[in-house]
Structures are given as C-alpha cells and as structure tokens.
Amino acid sequence: MKFLLSSKPSIHRRLLPEISYYRKLEEAGRKPDYVAGHSLGEYNALLAAECFDFETGLKLVKKRGELMAQAPEGRMAAILNATKADVTAILRDNALHNIDVANYNTPQQIVISGRADEIERAQAFFQQGNMMYHPLNTSGAFHSRLMKPSSEQFKRFLEGFTFSPLAIPVIANVTARAYRNEAVVDTLAAQLADSVLWCDSIQYLMAHDNDGEEMTFEEIGHGEVLTKMLRHIPKDTGLVIDDRAENESRPAPAARVQQALDNRAPPAVNEIVSAWNAKYPIGTKVRCTLHDYDELETRTEAIVLFGHRAAIYMKGYNGYFDLNEVVPTRA
C-alpha cells in the first residue's frame with residue numbers, strides 16, 4: 001500500500017508544484033491508496049482526491065488564512081520528550097486550563113496552544129527532567145478553542161461551495177479517520193479549532209498493513225518534516241480496523257440499532273458506533289452524564305478511537321467524549 005503525505009503549503013507557491021508532482025505519480029501508475037496532510041497540508045490531500053478544483057482550493061486557503069489572521073492573539077509551543085498523559089497532567093495540575101493541545105505529532109512531540117500569558121507560564125513546567133519546551137513563531141493560538149469563532153465563520157463560508165465525492169480516501173486531522181463525503185464542511189471547519197491527530201492518523205494507516213504487502217509513505221512538499229516524524233511513530237499493534245463499518249453507506253437494521261443503543265446486549269464497539277451514527281446525525285444535542293456541562297452538540301460522527309473506545313467529538317471542546325458518557329436530549 002502507498003500513502004501520500006503533504007506538509008503545510010503556502011497559498012500558491014507550494015500548492016501547485018505539489019499537485020503537479022501528484023499528477024505525475026498518477027501518470028506513472030503510482031496512485032496512492034490514501035492521502036493525508038498535516039494542518040494546511042490537508043487541503044493538498046483533498047485537492048489530490050478531487051474534492052474540489054485548484055481554483056476552489058485557492059479560495060478556501062485564502063479565506064482560512066484571513067480568518068486565522070483575525071483570530072485573538074495567542075501563542076504555541078512544542079513540547080518534546082513528553083507523552084500525551086504527561087502533557088495532560090501538567091496542564092491539569094498547574095491550572096493551565098486555557099491551554100489546548102494543538103498537535104499530537106508523535107508520542108513524544110506535542111504542540112500546545114492558548115493565550116500568550118499561559119503559554120509563557122507553562123514553560124517552567126515543561127522544562128523539568130528530559131522535557132524540552134520550544135516556543136513557536138506563530139501569530140495566534142491555532143488549533144485551540146480561541147479559534148472557535150473563526151471556525152464558525154469558516155463553516156458558513158464553506159457552505160457556499162459544492163464538494164465532489166472523494167476519489168481516494170483522505171485521512172482527516174480532527175478524527176484520524178477517512179473523510180466522509182457528507183461531512184467535508186464540518187470536518188474542514190472543525191480543523192481550525194480542533195487538535196491535529198497526526199500520530200493517530202499515521203497509526204491508523206499503519207494498521208492497514210496487515211496482509212503482508214509492503215507499506216510505503218511518500219512525502220511531497222518542502223523538506224522532510226513529516227518523514228522525520230514517521231520515524232518516531234510506532235505501529236499500534238492493538239489497533240483494529242473495520243473498513244466495513246467506515247464504508248457502510250446504508251444504516252444498520254432498525255432492530256440492531258435499537259438493541260445496541262438500549263444496551264440490551266453487549267454489542268461490539270463497532271456496532272455501538274454504527275448504531276449511533278445510524279440514529280443520530282452530526283449536530284445532535286446531548287448532555288454529559290459525568291459532568292455538569294451546558295447542553296453539548298456533536299461535531300463529528302462517532303468513531304472507534306484507539307481500536308476499543310466508542311467516542312465522539314463535541315463543539316467547543318478539544319477532546320473526545322465516550323459514547324457511554326453522553327445522552328441525546330431529544331429522541
């Protein structure tokens with residue numbers, strides 16, 4: 001199998017040559033099985049998958065850049081030699097509640113994002129032991145809750161376009177799973193404010209290499225940033241992929257859906273996810289049974305996270321909720 005990866009392009013200088021290179025691969029009979037792009041690079045991946053044409057791609061990237069430039073001032077920093085659990089614990093234990101994880105790049109490279117004062121205050125906590133803290137030269141707190149207003153504006157802008165069915169699967173940053181044709185607008189809009197699950201995306205792709213066929217990754221674009229990241233991402237041997245569930249175009253039989261949702265039997269996690277998606281569309285209002293949050297609204301379809309967890313993303317929260325923690329407020 002072949003997976004094509006794209007790093008961040010500028011609006012025009014990188015977008016055109018990278019797609020030209022992709023077309024040459026097609027002509028040579030080397031079309032990839034999947035494509036993925038890191039952050040802004042996801043637009044290259046979608047263009048390669050024929051989701052939109054080049055002119056539309058320029059309009060989307062231009063508008064995205066304008067909205068990001070208008071976002072409230074913020075900062076970002078890369079944390080090295082710290083796991084996801086380490087970062088989460090440090091943020092929690094030191095009352096850094098306004099900082100979000102922007103990028104899960106590798107198991108030991110995580111980017112945080114938030115208000116400038118809190119990112120600066122976090123530095124001392126992330127320079128203990130072997131951990132390293134590197135402030136990034138950014139003008140805003142991208143992929144954080146501070147981008148939510150921009151995300152909402154971008155969604156309204158995206159709704160003015162018609163997107164084509166994907167010719168090849170594109171792995172989305174915000175779900176680490178393949179884009180669904182009907183969810184392009186929601187997924188692209190969410191990407192501005194949600195975490196880039198790059199490590200999870202790569203491990204998802206690696207999990208498809210289970211039939212003895214050699215798997216190769218090829219990076220297009222400037223430099224080898226993503227290729228270097230790949231060297232630090234191990235294969236998750238416990239990740240189980242069910243392509244049938246992902247590619248299912250028809251809803252499950254009504255009786256099976258209701259049985260899974262009512263927990264009358266202990267269904268497999270894939271059945272729980274399929275049942276939820278068949279009954280509850282994106283945008284469903286829910287409440288959390290564990291915490292006293294205001295009414296929540298789902299931002300994505302439910303997915304199987306890490307091979308065993310039925311989870312779903314909520315608007316306004318940079319993280320997944322377990323399906324067994326939420327209850328729809330309307331039948």
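User: How many disulfides does the structure hold?

Analyst: In this predicted model, the structure holds 0 disulfides; to be counted, a pair of cysteine sulfur atoms would have to lie within 2.5 Å.

User: What makes Cys51 and Cys288 buried rather than exposed?

Analyst: The label follows from relative accessible area, for which buried means under 20%. Cys51 has a relative accessibility of 0% and therefore counts as buried, and Cys288, with a relative accessible area of 8%, is buried by that cut-off as well.

User: Which secondary-structure elements does the protein chain contain, and what share of its residues is buried?

Analyst: The protein chain has 12 helices and 14 strands, and buried residues account for 49% of its 331 residues. As for the reach of its contacts, among those between residues at least 6 apart in sequence, 70% join residues at least 24 apart.

User: Why is helix H3 called roughly antiparallel to helix H6?

Analyst: The axes of H3, residues 54-69, and H6, residues 148-158, come within 10 Å and cross at roughly 155 degrees. Because angles over 145 degrees count as roughly antiparallel, that crossing angle makes H3 roughly antiparallel to H6. As for handedness, the crossing of H3 and H6 is right-handed.

User: Which residues bring H3 and H6 together, and how do they divide by class?

Analyst: On the H3 side, Lys59, Leu60, Lys63, Arg64 and Leu67 meet Ser150, Gln153, Phe154, Phe157 and Leu158 of H6. Taken by class, the residues of this contact between H3 and H6 comprise 5 nonpolar, 2 polar and 3 charged.

User: What makes H6 roughly antiparallel to helix H7?

Analyst: H6 packs against H7, residues 184-191, at an angle of about 150 degrees, with the axes of the two helices 8 Å apart. Since the cut-off for roughly antiparallel is an angle over 145 degrees, H6 is roughly antiparallel to H7. The crossing in which H6 passes H7 is right-handed. From H6 the contact involves Ser151, Phe154, Lys155 and Leu158, and from H7 it involves Val185, Asp186, Leu188, Ala189 and Ala190. By class, the contact of H6 with H7 consists of 6 nonpolar, 1 polar and 2 charged residues.

User: Why is Ser151 called buried, and what does it touch beyond its sequence neighbours?

Analyst: Ser151, which lies in helix H6, has a relative accessibility of 3%, and because buried means under 20%, the residue counts as buried. When neighbours within four places in sequence are set aside, Ser151 is in contact with Ala189, Ala190, Leu192, Ala193 and Arg299.

User: Where is Ala193, one of those partners, and why is it called buried?

Analyst: Ala193 sits in the loop between H7 and helix H8, residues 198-206. Its relative accessible area is 3%, which is set against the limit of under 20%, and so Ala193 is buried. The C-alpha atoms of Ala193 and His143 are separated by 4.1 Å, although these residues are 50 residues apart along the chain.

User: How do you know that Glu42 counts as buried, and which residues is it in contact with?

Analyst: Glu42 belongs to helix H2, residues 42-48, and its relative accessibility of 1% falls under the 20% cut-off, so it counts as buried. Apart from neighbours within four places in sequence, its contacts are Gly37, Ile171, Ala172, Asn173, Tyr179, Leu188 and Gln191. For Glu42 and Gln191, which are 149 residues apart along the chain, the C-alpha atoms are separated by 9.6 Å.

User: Why are Asn81 and Ala95 called partly exposed, and what is the phi of each?

Analyst: Partly exposed covers the range between the 20% limit for buried and the 50% limit for exposed. Asn81, at 37% relative accessibility, therefore counts as partly exposed, and Ala95, with a relative accessible area of 39%, is partly exposed too. Asn81 is placed in the loop between strand E3, residues 75-80, and helix H4, residues 84-93, and it has a positive phi of about 60 degrees although it is not a glycine. Ala95 is placed in the loop between H4 and strand E4, residues 99-106, and its phi is near 55 degrees, a positive value in a residue other than glycine.

Definitions and conventions
Residues are numbered from 1 along each chain as its sequence is written. This is a predicted model: local features need pLDDT of at least 70, side-chain atom pairs count only at pLDDT 80 or more; totals for chains, interfaces and linings use all residues. Side-chain values use heavy atoms; hydrogens and water are left out. Buried means under 20% relative accessible area, exposed over 50%, partly exposed in between (1.4 Å probe, protein chains only). Axes are lines fitted to C-alpha atoms, for helices over the stretch in contact, and angles run from 0 to 180 degrees between N-to-C directions. Helices (H or I, at least four residues) and strands (E, at least two) are DSSP runs, numbered from the N terminus. Angles under 35 degrees count as roughly parallel, over 145 as roughly antiparallel, 65 to 115 as roughly perpendicular and the rest as oblique. A crossing is left-handed if the near helix is turned anticlockwise from the far one by less than a right angle, and right-handed if clockwise. Contact means heavy atoms within 4.5 Å. Ala, Val, Leu, Ile, Met, Phe, Trp, Tyr, Cys and Pro count as nonpolar, Asp, Glu, Lys and Arg as charged, and the others, Gly among them, as polar.
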